[in-house]
Amino acid sequence: MLTERELKIATKLLESRVPITTKELSEDFNISTRTIKNDLSQVRDWFKAHQMEVDSQPGKGIWVNGDEETRSQALNEILGNERQNQIPDPNFRLRKILLMLLLKDEYLTAAEFADSLLVSRNTILNDMNLVDEFVAPWKIKLERARRRGYRLVGEELHLRLLLEHLIYSGLTNYDIYQMMTMITNHEQVDGQGLLIEHSLLPFYTVAVKHLSQLYRTEVSDLFQQSDLIALLIRVTVSIKRLILGEALKGYRVLNKKHYTDNISLFVLSFMEGVFSELELPLLENEFLYISGEIKTEKNGIDLIQVTNGIIGYVGELEGIEYRRDPRLFSNLFAHLSLRLQRGMFNMVEDNPFADEIKHHYPKLFEHVLKACEKFLGASVMANQEYFVSFITLHFLASFENTFTKWAKVRALYVCSTGRGVARLIKSRVEKEIREIDLVGHCSMMKVEELCKKENVDLIISVFPIKAEIQVIVVDAIPSKHDIQKIRETVDRLMKKHPRSQSNSLFEEQNPLDEDSEDISQEIILKGFEVQQEILSEFREDIMEARLQALQLHIFLMVHRYYFDKQYDDFMFNGHSISEKNKQHLREIKKILDEKELPVHESELIALLQYFK
């Protein structure tokens with residue numbers, strides 16, 4: 001059996017098509033080269049036992065020999081049986097203990113944990129201290145009862161959110177790829193290889209079957225890839241907790257007549273199919289949980305005031321005038337709008353940069369946390385660290401981002417992460433490789449569409465997808481080795497198909513060549529014209545409380561356009577909107593085109609925040 005780190009090393013070797021040095025591996029895993037060499041010894045033995053050759057060469061690195069089919073079979077074995085039977089290190093035990101507590105409706109003793117994990121009772125007693133620390137941010141307590149054992153105590157919603165997080169954290173990119181393939185290709189479900197608890201597997205299998213039956217290509221207009229994964233996991237969690245007798249806030253039966261929008265109708269159809277097969281009742285709060293609409297006391301929050309407050313407060317604590325960056329307000333406002341829409345304060349989200357941000361930017365993270373607590377309140381975040389780390393990304397991007405004009409190769413980033421993560425990856429890759437332009441990010445469902453729309457030369461993906469365009473598979477957090485792979489591929493593409501210096505949608509403007517007074521006058525007049533046209537056309541559709549904010553937004557939008565500082569297309573990639581809003585967008589675009597302001601689609605969608 002392999003340890004968790006050895007499993008990750010074996011997976012990395014299988015997914016890489018070029019040699020990897022021990023130094024690169026030591027940097028990726030933040031351990032010494034000596035430790036890596038010890039791990040590699042075990043990994044080599046594993047590959048040898050599975051009839052695969054591992055070669056190495058000084059100065060070049062280590063690599064696995066084998067065709068695609070052989071690699072795929074080995075990957076299935078590692079992510080399936082081997083991962084299920086891995087040596088139980090502390091992290092593995094912590095996850096297993098938490099899952100056992102969440103999937104039982106009774107106390108569990110230290111002896112039961114010890115027998116299940118094949119360790120001593122003393123080891124389990126030490127692990128319980130880690131469990132206590134781990135659940136605290138989720139507003140859950142570990143209850144200890146003499147002669148009875150342990151159990152987790154907290155609100156049902158928080159317990160479910162923790163269970164979701166544990167399931168998410170166990171999924172690899174390969175798992176997500178398999179899940180989406182089963183849904184979109186209507187393949188038979190067997191659950192093999194997925195790191196999902198045995199007691200959840202029957203319910204998960206039923207859920208995948210029904211979601212696959214409902215899936216059509218049009219569904220990608222309603223849901224992102226991450227939404228479909230969330231639906232799968234939430235239905236599975238809902239069923240398991242109901243069977244344990246833990247309903248969410250009562251047993252009121254769902255009135256389907258109250259939900260008529262396309263998203264709700266799809267979720268209803270999915271839920272009805274699964275719950276009917278398992279002979280469970282359709283409860284209103286279960287539907288609200290599955291669709292992400294469980295309410296909190298923070299509904300109706302003034303996001304404009306909150307966004308300004310957070311930026312000002314962090315700037316004051318950091319001693320940096322973040323208010324001078326208009327893109328920070330725009331991006332943060334859009335992120336909070338999407339994150340908190342439809343009451344979805346408690347949606348679980350996994351940020352692969354969370355630990356890195358806390359380690360490398362502890363002061364900024366602490367300041368953002370204080371700002372969020374001050375202007376949003378601690379109660380809106382089931383797990384503060386993940387929420388705050390995403391907000392921190394916006395401040396890091398504001399401080400570090402250098403979006404240059406030297407882009408040459410147009411690349412698409414395929415992932416399942418949040419928009420904030422994608423934007424930081426965009427910034428990092430473009431900063432390291434000035435000849436690349438990450439034109440957007442998307443899920444597996446949108447790859448073909450965006451490749452055609454954006455004239456993509458290269459796909460950078462966290463999944464092993466197949467495409468006519470060259471694909472580079474990278475970690476969710478691109479390592480130095482990944483960056484080097486991208487750089488080498490970009491160099492080859494540049495030599496093969498040289499490009500002009502700028503790939504901008506618009507001609508690059510140089511405002512320094514013009515008189516500043518004339519520039520200011522033109523921006524003010526143009527902003528006023530656009531504002532008057534939009535207010536004249538949509539006065540009845542605009543929320544009264546947001547009228548002044550819309551006027552300010554329009555002036556800033558014109559300013560951003562002139563100085564080529566528009567919202568990047570990562571912001572609303574794949575964002576679903578209603579038919580009424582689509583009509584609004586067409587009419588707004590017509591007005592802007594007449595005023596010779598062909599702004600990005602993300603700029604247009606941002607204006608919808610002010611409409612009823």
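Q: Which helices do the buried residues of helix 12 pack against?
A: In this predicted model, they pack against helix 10 (201-214), helix 11 (225-243) and helix 13 (284-291).

Q: And which residues of helix 12 are the buried ones?
A: They are I263, S264, F266, V267, L268, F270, M271, G273, V274 and F275.

Q: How far apart are the end C-alpha atoms of helix 12, and what span should we expect?
A: Helix 12 covers residues 262-277, and its end C-alpha atoms are 23 Å apart. With 16 residues at 1.5 Å a residue, the span should be 22 Å, so the two values agree.

Q: Nice. What goes on at the start of helix 12?
A: There, D261 brings a side-chain oxygen to within 3.3 Å of the backbone nitrogen of I263.

Q: And just after helix 12?
A: That is where E279 sits, with a positive phi of about 55°.

Q: Let's talk about helix 11, then. Why call it largely enclosed by the rest of the structure?
A: Because 16 of its 19 residues are buried.

Q: What follows helix 11?
A: G245 does, and its phi is positive, near 85°.

Q: Switching to rings: how many aromatic pairs does the count come to?
A: Six. Among them is the pair of F223 and F266, which is tilted, with 5.1 Å centre to centre and 50° between the planes.

Q: Where do F223 and F266 lie?
A: F223 is in the loop between helix 10 and helix 11, while F266 belongs to helix 12, so their pairing ties together parts that are 43 residues apart in sequence.

Q: Are those two buried or exposed?
A: F223 and F266 are both buried.

Q: What about Y322 and F395, how are their rings arranged?
A: Those two make an edge-to-face pair, 5.0 Å centre to centre with 85° between the planes. Y322 lies in the loop between helix 14 (303-318) and helix 15 (326-339), and F395 in helix 18 (residues 384-400), so this pair ties together parts that are 73 residues apart in sequence. Both Y322 and F395 are buried.

Q: Which charged residue lies over the face of Y289?
A: R160, at 4.9 Å from the ring centre. Another case is K374, whose charged end sits over the ring of F375, 5.6 Å from its centre.

Q: Is C415 buried or exposed?
A: C415 counts as buried, at 3% relative accessibility. C372 is buried as well, with a relative accessible area of 0%.

Q: One more topic: where is S16?
A: S16 is in the loop between helix 1 (4-15) and helix 2 (22-29). Its relative accessible area is 6%, so S16 is buried.

Q: What lies 2.7 Å from a polar atom of the S16 side chain?
A: The backbone oxygen of V18.

Q: Leaving aside neighbours within four places in sequence, which residues is S16 in contact with?
A: R71 and H481. H481 is one of the buried residues of helix 21.

Q: So what span should helix 21 have?
A: It should span 24 Å, given 17 residues (480-496) at 1.5 Å a residue, and its end C-alpha atoms are 24 Å apart, which agrees.

Methods. Residues numbered from 1 in each chain as written. Predicted model: local features only at pLDDT ≥ 70, side-chain atom pairs only at ≥ 80, totals over all residues. Heavy atoms only, no water. Helix = DSSP H or I, 4+ residues; strand = E, 2+ residues; numbered from the N terminus. Expected span 1.5 Å × (residues − 1). Buried < 20%, exposed > 50% of the residue type's maximum accessible area, 1.4 Å probe, protein only. Contact = heavy atoms within 4.5 Å. Polar contact = N/O pair within 3.5 Å; in protein donor to acceptor, adjacent residues only side chain to side chain. Phe/Tyr/Trp six-rings, centres within 6.5 Å; stacked < 30°, edge-to-face > 60°. Lys NZ or Arg CZ within 6 Å of the ring centre and 35° of its normal.
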